Amino acid sequence: DGYYEYTMFECVYSTSDYSDMVYLQSYSFNKVVDVQFNSSLGKFVGYTEQGVKHAENFNKDQAFIQQQKAAVDTFCRHNAQIWDSAVRDKS
């Protein structure tokens with residue numbers, strides 16, 4: 001009875017120096033991922049017909065792409081250091 005749309009931001013890493021950190025930003029509609037930015041790829045990828053169109057438009061905007069690429073440092077690494085130290089310091 002309606003539509004469900006959401007955006008999810010993820011920081012994925014497995015090393016303590018964050019050298020393998022990847023920033024993912026996914027746009028979903030009714031529980032299906034339409035389009036996703038992956039900092040390792042440096043671009044948006046569409047997974048549905050509509051998502052492919054969105055990815056093409058997002059990837060044309062180089063200022064927006066640079067902002068997304070920077071999120072691995074400004075959002076992920078910055079917050080991971082805070083979160084990890086809060087967890088590691090609690091033994």
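1. Contact here means heavy atoms within 4.5 Å. With sequence neighbours within four places left aside, Ser39 is in contact with Met21, Val22, Tyr23 and Val72. The model under review is a predicted one.

2. Ser39 sits in the loop that joins strand 3 (32-38) to strand 4 (43-46). Is Ser39 buried or exposed? Its relative accessible area is 19%, and buried means under 20%, so Ser39 is buried. A polar atom of the Ser39 side chain lies 2.8 Å from the backbone nitrogen of Tyr23.

3. Asp34 belongs to strand 3. Its relative accessibility is 15%, and Asp34 therefore counts as buried. Apart from neighbours within four places in sequence, the residues in contact with Asp34 are Tyr27, Ser28, Phe29, Val45, Gly46, Tyr47, Thr48 and Gly51. Asp34 and His54 are separated by 20 residues in sequence, while their C-alpha atoms are 8.4 Å apart in space.

4. How many aromatic pairs does the structure hold? There are eleven. In one of them, the ring centres of Tyr4 and Tyr6 are 5.1 Å apart and the planes stand at 45°, so this pair is tilted. The limits that matter for this reading are that planes under 30 degrees apart count as stacked and those over 60 as edge-to-face. Tyr4 has a relative accessible area of 47% and is partly exposed; Tyr6, at 29% relative accessibility, also counts as partly exposed.

5. Phe58 and Phe64 form a further tilted aromatic pair, with 5.5 Å from centre to centre and 50° between the planes. Phe58 counts as partly exposed, its relative accessibility being 22%.

6. Which residues form one aromatic cluster? The members are Tyr23, Tyr27, Phe37, Phe44, Phe58, Phe64 and Phe75.

7. On annotation, UniProt lists residues 9-84 as "domain: MHC class II beta chain N-terminal", in an unreviewed entry. In the model this span is 46% helix and 30% strand. The C-alpha atoms at the ends of residues 9-84 lie 18 Å apart.

Technical notes. Residues are numbered from 1 along each chain as its sequence is written. This is a predicted model: local features need pLDDT of at least 70, side-chain atom pairs count only at pLDDT 80 or more; totals for chains, interfaces and linings use all residues. Side-chain values use heavy atoms; hydrogens and water are left out. Rings of Phe, Tyr and Trp (its six-membered ring) pair if their centres lie within 6.5 Å; planes under 30 degrees apart count as stacked, over 60 as edge-to-face and the rest as tilted. Buried means under 20% relative accessible area, exposed over 50%, partly exposed in between (1.4 Å probe, protein chains only). UniProt positions are given in the numbering used here, feature names are shortened, and annotations may be inferred rather than shown by experiment. Helices (H or I, at least four residues) and strands (E, at least two) are DSSP runs, numbered from the N terminus. A polar contact is a pair of N or O atoms within 3.5 Å; within protein, one must be able to donate a hydrogen and the other to accept it, and residues adjacent in sequence count only if both atoms are side-chain atoms.
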